[in-house]
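Visitor: I've never looked at this one before. Could you walk me through how to read it?
Guide: Happy to. Let's look at it together and take one feature at a time.

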Amino acid sequence: MLFPYRNVPRKTLIPYLANLDEEYWFMKSDVYPNNLAWIISHITSSEDYWINEVALKKSCILNINEYCPPKEILESYIHIRNYTDDILHKLEDSQLNKLVEVPKFSDGWTPPIVPTLNWLFDHVYSHEKHHIGQIAVIASINGFQKPLF
């Protein structure tokens, strides 16, 4: 099985988010620019972008942002991973070595290695974990319960 632990953080995060009061989704502070709604919608939109536009050369399937209701953001977060997992499970091992063309980003970022489909999936999962770590910081700064990872 490829990336067997990719969804482990979600086993804690999804129930946490499902039970979190809506006000906490949108709390911001002077010391940290983002809120939970931004974090989860960003993870979701990024996964949609990398899988659909970059890997599959298709249009994104979601229309989600930080101003959407938390229920809609959470449903999209769950949906895009189910979609991504379905694609991952249908790939043959040999397809994972296919090169992908990564767009130019305004900040100059480029992949640290030659980008393949295998790298792209790893990038999506690493990106999610990076931002999930910010949720505990946001909760701590704003004085509400953090997820227990």
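Guide: One term to begin with: two residues are in contact when heavy atoms of theirs lie within 4.5 Å. Keep in mind too that this is a predicted model.

Visitor: Now for pairs of helices. At what angle do H4 and H5 cross?
Guide: The idea is to compare their directions, each taken from N to C. For H4 and H5 the angle is roughly 155°, and their axes come within 12 Å. Angles over 145 degrees count as roughly antiparallel, so H4 is roughly antiparallel to H5. Their crossing is left-handed.

Visitor: Which residues make the contact of H4 and H5?
Guide: H4 brings Tyr 77, Arg 81, Thr 84, Asp 85, Ile 87 and Leu 88, while H5 brings Phe 121, Val 124, Tyr 125, Glu 128 and Ile 132. Sorted by class, the contact of H4 with H5 has seven nonpolar residues, one polar and three charged.

Visitor: Glu 128 was in that list. Is Glu 128 buried or exposed?
Guide: Under 20% relative accessible area counts as buried. Glu 128 has 1%, so it is buried. This residue lies in helix H5.

Visitor: How do H1 and H4 pack?
Guide: Their angle is about 155°, with the axes 10 Å apart. That makes H1 roughly antiparallel to H4. H1 passes H4 in a left-handed crossing. On the H1 side you'll find Arg 10, Leu 13, Ile 14, Leu 17 and Ala 18, which meet Leu 74, Tyr 77, Ile 78 and Arg 81 in H4. The contact of H1 with H4 divides into seven nonpolar residues, no polar ones and two charged.

Visitor: And at what angle do the axes of H1 and H5 cross?
Guide: Roughly 45°, and these axes come within 12 Å. H1 and H5 are therefore oblique to each other. The crossing of H1 and H5 is left-handed. Pro 9, Arg 10, Leu 13 and Tyr 16 of H1 make the contact with Glu 128, Lys 129, Ile 132, Ile 135 and Ala 139 of H5. In the contact of H1 with H5 there are six nonpolar, no polar and three charged residues.

Visitor: Let me pick a residue myself. Where is Tyr 24 found?
Guide: Tyr 24 is in helix H2, residues 22–25. Its relative accessibility is 22%, so Tyr 24 counts as partly exposed. Not counting residues up to four places away in sequence, Tyr 24 touches Leu 36 and Phe 144.

Visitor: What about backbone angles?
Guide: Most residues other than glycine have a negative phi. Phe 3, though, has a positive phi, near 45°. Phe 3 lies in the segment before H1, and at 19% relative accessibility it counts as buried.

Visitor: What is the phi of Lys 57?
Guide: Lys 57 has a positive phi of about 55°, although it is not a glycine. Lys 57 sits in the loop between H3 and H4. Its relative accessibility is 56%, so Lys 57 counts as exposed.

Note on methods. Residues numbered from 1 in each chain as written. Predicted model: local features only at pLDDT ≥ 70, side-chain atom pairs only at ≥ 80, totals over all residues. Heavy atoms only, no water. Axes fitted to C-alpha atoms, helices over the stretch in contact; angles between N-to-C directions. Helix = DSSP H or I, 4+ residues; strand = E, 2+ residues; numbered from the N terminus. Parallel < 35°, antiparallel > 145°, perpendicular 65-115°, else oblique. Left-handed = near helix turned anticlockwise from the far one by under 90°. Nonpolar A, V, L, I, M, F, W, Y, C, P; charged D, E, K, R; others polar. Buried < 20%, exposed > 50% of the residue type's maximum accessible area, 1.4 Å probe, protein only.
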